[in-house]
Amino acid sequence: QVQLVESGGGLVQAGGSLRLSCAASGSIFSLNVMGWYRQPPGRQRQLVATMTISGNTNYADSVKGRFTISRDNDKNTVYLQMNSLKPEDTDVYYCHARTYLLENTPLDYWGQGTQVTVSS
């Protein structure tokens, strides 16, 4: 079992910055993908940014140029640097990690979520 613990959320004014961190612990073999999702009220979780273990990244169009994902594979930690924050970035942000079992079966893990609030 893998546990994901997020930190770094909070309240910030529009135009400000926050840095989210997510540390994985437990029975870690290989976290092929780590990343961040957010969930607006009443809606499904949406991809924010992901990074593979080899360093390939994927960003939502709405955050390109403002958010940067990075990871430290030795520490099993993923970060999300969020700059030029906008009120519409307000959401609960969830850390996600995926590993693959036999026959490429994906196994997903989620953090408990951290609130990001951007005031106008």
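I began with the charged groups over rings and noted that Arg19 lies over the face of Tyr79, at 4.1 Å from the ring centre. I took a charge to sit over a ring if NZ of Lys or CZ of Arg is within 6 Å of the ring centre and within 35 degrees of the ring normal. I then found the charged end of Arg45 over the ring of Tyr94, 3.7 Å from its centre.

I record that this is a predicted model, in which local features need pLDDT of at least 70, side-chain atom pairs count only at pLDDT 80 or more, and totals for chains, interfaces and linings use all residues. Residues are numbered from 1 along each chain as its sequence is written, and side-chain values use heavy atoms, with hydrogens and water left out.

I next looked up aromatic pairs (Phe, Tyr and Trp rings, the six-membered one for Trp, with centres within 6.5 Å; planes under 30 degrees apart are stacked, over 60 edge-to-face, the rest tilted). The structure holds one: Tyr37 and Trp110 are edge-to-face, 5.2 Å centre to centre with 75° between the planes. Tyr37 lies in strand 4 (residues 33-39) and Trp110 in strand 10 (residues 106-110), so the pair ties together parts 73 residues apart in sequence. Strands are DSSP runs of E, at least two residues, numbered from the N terminus.

I checked accessibility (buried under 20% relative accessible area, exposed over 50%, partly exposed in between; 1.4 Å probe, protein chains only). Tyr37 is buried at 18%, and Trp110 is partly exposed at 37%.

Lastly, I traced an open antiparallel sheet of four strands in the order 1-3-8-7; strands pair if DSSP finds at least two bridges between them. Six bridges join strand 7 to strand 8 (residues 77-82), and Ile69 has Leu80 in strand 8 as its bridge partner.
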